[in-house]
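Visitor: I have a model open and some questions about it. Can we go through a few residues, then the pockets and the rings?

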Amino acid sequence: MTTPMTTAQPHRLLGVWAHPDDEAYLSAGLMAEVVDRGGAVTVVAVTDGELGFPADDDRLTEVKAKQRRSELLDALAALGVHDVRFLGHPDGRLAELRGQDLAAELVPIMRSVRPTMTVTFGPDGITGHDDHIAAGQAATAAWMETRMGGLWYAAKSSLWLDEWRATNDAIGIWMGDEPDGVRTDAIELALTLDGPALDQKRAALAAHGSQTDRLASMLGEPTYRRWIAEETFRRPTDVELADVDAALAMANWCHR
């Protein structure tokens with residue numbers, strides 16, 4: 001079963017993510033719940049994740065990008081999601097884009113989808129990945145422009161970080177410091193998946209085999225399933241929204 005939501009169920013969900021597989025790790029359970037309740041889900045993949053392969057994989061970039069797109073389509077199909085928007089920006093280079101330009105690409109998508117909730121990365125990007133941070137910032141800016149529905153940031157609870165700290169450090173998922181955990185009283189939505197709901201999320205992640213097979217094998221299936229079971233979301237703070245506004249204004253001034 002799934003831990004009940006603490007807030008009203010979104011019925012039009014928009015996810016804005018940097019790479020294929022971000023959406024499955026951070027929101028597969030939420031997407032499946034929305035679909036099961038008759039709602040609609042749209043996923044935006046800002047890059048194709050073409051850098052997510054071993055250094056000795058000498059295939060053409062286009063071939064790698066095509067594989068990642070195919071994996072994303074299969075992963076979302078496992079959740080009943082079929083509305084996918086590919087922006088095709090270069091993997092690993094989102095921080096080089098003007099945030100206003102990327103936000104401008106997202107605004108018409110938001111206006112057409114009219115989400116009741118948008119989910120994306122917060123300022124820490126979960127792992128500290130620059131692409132995650134840039135995608136979340138652009139999604140936040142687009143939401144501030146349209147003010148359609150609510151905005152949630154994917155997060156990790158303090159309890160999850162405490163439980164999995166040794167594992168996370170061993171596999172090296174952080175690209176900087178460990179993110180600050182969200183206290184229980186600051187969580188807007190929390191899902192703990194098990195049974196069929198966890199099976200469905202695992203199927204979505206299995207579709208991203210180029211990114212997940214090695215890690216699942218390293219952790220072992222029972223541990224991997226427990227590691228992926230939690231999904232946590234919080235609302236942005238007023239300070240975070242002001243920071244995005246200021247950062248984009250500064251970037252716009254610098255590019256004049």
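Visitor: Let's start with Arg114. Is it buried, partly exposed or exposed?

Guide: Arg114 counts as partly exposed because its relative accessibility is 48%. Keep in mind that this is a predicted model.

Visitor: Where is Arg114 found?

Guide: Arg114 is in the loop that runs between helix 3 (99–113) and strand 4 (117–121).

Visitor: And what about the phi of Arg114?

Guide: Phi is positive there, about 50 degrees, although Arg114 is not a glycine. For background, most residues other than glycine have a negative phi.

Visitor: What is phi like at Ile126?

Guide: Ile126 also has a positive value, near 65 degrees, and is a residue other than glycine. Ile126 belongs to helix 4.

Visitor: Buried or exposed, that Ile126?

Guide: Buried, because Ile126 has a relative accessibility of 7% and the cut-off for buried is under 20%.

Visitor: Changing topic. How much space is in the largest pocket?

Guide: About 1000 Å³. The lining consists of 36 residues, and those nearest the centre are Asp21, Tyr25, Thr127, Ile173 and Gln211.

Visitor: Which helices supply at least two residues of that lining?

Guide: Helix 1 (22–36), helix 4 (125–128), helix 6 (158–171) and helix 8 (209–219) each do. The largest share comes from helix 8, with seven residues.

Visitor: What does the lining of the largest pocket look like by class?

Guide: There are 16 nonpolar residues in the lining of the largest pocket, along with twelve polar and eight charged ones.

Visitor: What volume does the second largest pocket have?

Guide: The second largest pocket has about 280 Å³. Its lining is made of 14 residues, with Val182, Ala186, Arg234, Thr237 and Glu240 closest to the centre.

Visitor: On to the rings. How many aromatic pairs are there?

Guide: The count comes to five aromatic pairs. One of them is formed by Trp160 and Trp227 and is tilted, with 6.2 Å from centre to centre and 40 degrees between the planes.

Visitor: Which parts of the chain does that pair link?

Guide: Distant ones: Trp160 is in helix 6 and Trp227 is in helix 9 (residues 221–227), 67 residues apart.

Visitor: Why does Trp160 count as buried?

Guide: Because the relative accessibility of Trp160 is 3%. Trp227 is buried too, with a relative accessible area of 8%.

Visitor: Which residues form the aromatic cluster?

Guide: Tyr25, Trp160, Tyr224 and Trp227 form one cluster.

Visitor: What lies over the face of Trp160?

Guide: Lys156 does, at 4.3 Å from the ring centre. Elsewhere, Arg59 lies over the face of Phe53, at 5.0 Å from the ring centre.

Visitor: Two glycines next. Where is Gly15 found, and what does Gly15 touch?

Guide: Gly15 is part of strand 1 (residues 12–17). Not counting residues up to four places away in sequence, Gly15 touches Thr42, Val43, Val44 and Val119. Gly15 counts as buried because its relative accessibility is 4%.

Visitor: How far apart in space are Gly92 and Pro222?

Guide: They are 32 Å apart, C-alpha to C-alpha, and 130 residues apart in sequence.

Visitor: Last one: where is the place of Arg98?

Guide: Arg98 is in the loop between strand 3 and helix 3. At 26% relative accessibility, Arg98 counts as partly exposed. From C-alpha to C-alpha, Arg98 and His19 are 18 Å apart in space, and they are 79 residues apart in sequence.

Definitions and conventions. Residues numbered from 1 in each chain as written. Predicted model: local features only at pLDDT ≥ 70, side-chain atom pairs only at ≥ 80, totals over all residues. Heavy atoms only, no water. Helix = DSSP H or I, 4+ residues; strand = E, 2+ residues; numbered from the N terminus. Buried < 20%, exposed > 50% of the residue type's maximum accessible area, 1.4 Å probe, protein only. Contact = heavy atoms within 4.5 Å. 1 Å grid on protein atoms, 1.4 Å probe; cavity = no way out; pocket = protein on both sides within 12 Å on 5 of 7 lines; lining within 4 Å. Points joined across faces, edges and corners; volume = space filled by probe spheres on them. Nonpolar A, V, L, I, M, F, W, Y, C, P; charged D, E, K, R; others polar. Phe/Tyr/Trp six-rings, centres within 6.5 Å; stacked < 30°, edge-to-face > 60°. Lys NZ or Arg CZ within 6 Å of the ring centre and 35° of its normal.
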